[in-house]
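Please open the structure in the viewer and display the backbone together with the side chains. The stops below may be selected in the order given.

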Amino acid sequence: MTILITGATLPDGTTTDLLIDGGVIAGRGSGLSAATATRIDAGGLQALPGLVDLHTHLREPGFEQSETVLTGSRAAAAGGFTAVHAMANTSPVQDTAGVVEQVASLGTQHGYVTVRPVGAVTAGLAGERLSEIGAMAQSRAAVRVFSDDGKCVHDALLMRRALEYVTTFDGVIAQHAQEPRLTEGAQMNEGPVSAELGLAGWPAVAEEAIIARDVLLAEAAGARLHVCHLSTAGSVEIVRWAKARGIRVTAEVTPHHLLLTDELARGYDARFKVNPPLRRDEDVHALRAALADGTIDIVATDHAPHPIESKECAWQEASFGMVGLESALSVVQQAVVDAGLLTWADVARVLSRIPAEIGRLDGYAAPFEVRSPAHLTLYDPAARTVFGREHLHGMSVNSPYLGRELPGRVVATIHGGVPTVLDGVLRDAQEVARG
Amino acid sequence: MRHLLSVRDLDREAAVGILDIAEDMADVATRAIPKLPTLQGRTVANLFFEDSTRTRLSFEAAAKRLSADVITFSAKGSSVSKGESLKDTAQTVAAMGVDAVVLRHSASGAARVLADSGWIDAAVVNAGDGTHEHPTQGLLDAYTMRKRLYGDASRGRDLAGLRVTIVGDILHSRVARSNVWLLQTLGASVHLVAPGTLLPTGVETWPVTTSSDLDAAIADGPDVLMMLRIQSERMHAAFFPHEREYARQWGLSDARFGRLTAHTMVMHPGPMNRGLEISATAADSPASVILDQVTNGVSIRMAVLYLVLSGGAGA
């Protein structure tokens with residue numbers, strides 16, 4: 001399919017036409033024309049490179065009542081993403097070459113996004129022995145990110161070995177930093193709000209202690225460490241220190257930790273129950289500043305779909321997690337772009353180039369250059385809508401933003417030259433699968 | 001008053017109003033036939049997802065004295081053990097036609113979730129939710145304090161100037177939370193005494209003073225000394241080393257009881273661990289209002305059921 005995009009504003013602020021053909025950027029400049037091309041008038045729209053999520057739960061295989069590779073891919077495309085990294089806590093767990101290849105091939109078959117499976121660090125996420133990291137790395141899925149996300153690799157020896165072992169494959173350990181004993185039964189951020197609500201607290205130190213340990217282990221191993229969903233001001237300080245010391249650590253923050261605080265727990269509405277929990281206002285501001293100054297490298301959604309009954313219950317009986325793919329860009333705009341902390345070029349960096357680099361995903365190094373793969377999204381930052389269920393395209397509706405006004409709207413998403421969203425509407429699955 | 005979920009939803013006027021109605025209800029108990037026809041034809045469902053014989057009996061007695069029909073659901077041996085949710089249980093009972101649900105649940109916020117959910121139309125009365133609140137306990141404690149202070153001249157009064165010291169497991173206590181907020185609303189000052197492990201992180205934002213020294217708190221001559229039940233399973237989570245050490249540091253022993261001023265009233269929400277957080281001498285002394293608390297509990301619960309079911313004034 002040939003596509004001509006006219007008048008798009010690139011992240012650097014320049015305006016250009018883009019010709020897409022053969023899955024790549026075939027031409028760039030003003031006054032491009034192509035007689036048979038599908039035309040997209042991008043006047044007033046912000047062009048961004050295709051977004052890359054380093055932290056997505058697609059739930060297939062095993063939890064197809066919450067999400068599947070197809071429905072999660074559609075949610076991703078609707079949010080402007082062209083690649084997602086699918087976390088390993090499926091059933092069976094993504095801890096063998098067979099499972100990761102199956103997940104990757106489902107992604108390829110559906111075509112909305114590139115699905116990059118994350119491999120489990122430990123077999124069955126049990127935290128006892130390493131999984132088949134080498135086999136997953138050398139499989140057709142070419143896994144480079146390994147994580148027990150949902151659980152912390154809390155055994156220090158196992159974490160050390162994992163860090164040392166993945167250097168063989170240029171892999172990275174993405175750690176869910178949560179000291180398990182300090183968070184037994186934890187329900188929300190530990191502080192004045194948890195004290196009033198009588199909900200067991202999840203203390204900041206339970207995250208910070210693990211990050212502090214892990215950056216030292218990474219330094220000793222000379223390995224790459226990635227910190228998932230960093231959530232506290234103290235964690236920011238530790239990562240800043242580690243980077244200054246030359247340790248190979250990267251860190252992510254979720255959109256919800258950039259916008260929402262633990263005050264939202266007051267109504268006991270389990271849509272706001274997430275792990276790590278929503279923190280204090282001071283933490284939110286520290287995370288925003290850290291994203292702006294580069295201490296935090298990327299934004300990742302931690303899209304975590306759950307069926308209705310998992311949230312329609314008392315808080316402490318509810319599951320942790322929120323869906324986030326469809327709302328991510330809008331939340332980032334509201335939290336850090338409209339606040340003047342990040343430019344659109346920064347957004348391109350934290351939501352596309354760097355997450356692709358961390359995941360060793362090719363094709364995102366030089367977006368909008370001629371001959372680069374055509375992964376991009378067109379976004380209207382001037383739109384404002386009340387976020388509703390019609391904006392959700394996965395199977396689950398556990399979004400904390402329902403009923404909240406958010407800026408921006410994804411107008412088009414193009415994955416490898418194939419439009420997955422046009423005129424703000426997801427394209428039909430069969431059309432997308434045909435390419 | 002539509003529901004009673006938290007004492008924080010009550011302002012001074014509403015709280016004093018409930019206490020005053022409870023005075024009227026207490027008068028009923030002295031009649032030859034201690035029963036009012038007020039809630040005839042109305043049905044109150046006691047949904048107890050967590051064991052509590054005392055609170056359940058108190059609510060049952062209250063509803064029956066107001067001539068309401070009472071149906072009781074206890075989690076033990078019920079479909080809750082088969083995994084039925086709060087939503088399904090509440091809707092099932094509501095489908096049988098109930099006007100008020102009295103909910104005891106181990107999850108903090110369960111009553112709020114039920115009231116906000118739209119699952120049922122009935123009024124919701126929180127009979128204790130996890131470690132959050134126990135509003136009728138807070139009210140009956142305030143009622144008991146006021147009655148001891150002012151006797152028959154209690155009506156219309158708050159607790160301005162009263163100095164209340166609460167001792168024990170504040171972290172896990174819904175009784176402490178309801179007392180802290182309600183006593184503040186009523187003008188009393190609250191001092192909390194506990195080991196550092198049993199004070200919640202964030203307690204510094206509460207309208208209270210705190211310390212870990214019970215002897216100093218007693219020397220301070222409080223008007224009310226409220227001892228909380230200590231649960232032995234807390235020892236296993238390293239909140240304190242063992243019962244003897246707890247009793248030595250934070251128990252109301254005979255010696256400490258002997259140092260209380262003559263006017264100090266001793267309270268306990270029950271059930272008591274005699275010899276652990278409170279000595280038998282203290283519990284059974286004239287200073288103790290522990291049985292008054294039980295008696296007054298029925299009056300308070302009558303008042304609350306009356307208010308939520310009659311749509312009467314109050315809040």
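Select R360(A) in the loop between α11 (344–358) and β16 (376–386) of chain A; helices (H or I, at least four residues) and strands (E, at least two) are DSSP runs, numbered from the N terminus. This is a predicted model, in which local features need pLDDT of at least 70, side-chain atom pairs count only at pLDDT 80 or more, and totals for chains, interfaces and linings use all residues. Residues are numbered from 1 along each chain as its sequence is written, while chains are lettered from A and ligands numbered from 1 in the order in which they are written.

At R360(A), phi is positive, about 55°, although the residue is not a glycine. Most residues other than glycine have a negative phi, and most peptide bonds are trans. (A residue is buried with 20 or more other C-beta atoms within 10 Å of its own, exposed with 12 or fewer, and partly exposed in between; C-beta atoms are placed from the backbone.)

Next, select F368(A), which also lies in the loop between α11 and β16 of chain A. F368(A) is not a glycine, yet has a positive phi of about 70°. F368(A) counts as buried because it has 20 C-beta neighbours inside 10 Å.

Now turn to the cis peptide bonds. Select E60(A) and P61(A): the bond from the former to the latter is cis, with omega near 5°. P61(A) belongs to the loop between β6 (51–56) and α1 (69–78) of chain A. Then select N275(A) and P276(A), whose connecting peptide bond is cis with omega near -5°. P276(A) is found in the loop between α8 (255–259) and α9 (281–293) of chain A.

Display both chains for the next stop. The contact takes 17 residues from chain A and 21 residues from chain B, where two residues are in contact if their C-beta atoms, placed from the backbone, lie within 7 Å. On the side of chain A that touches chain B, helix α5 (residues 192–197) gives the most, with 4 residues.

Chain B has 12 helices and 9 strands. Its C-alpha trace spans about 55 × 45 × 35 Å along the principal axes. Buried residues make up 50% of the 315 residues in chain B. Of the contacts in chain B with a separation of 6 or more, 77% are between residues 24 or more positions apart.
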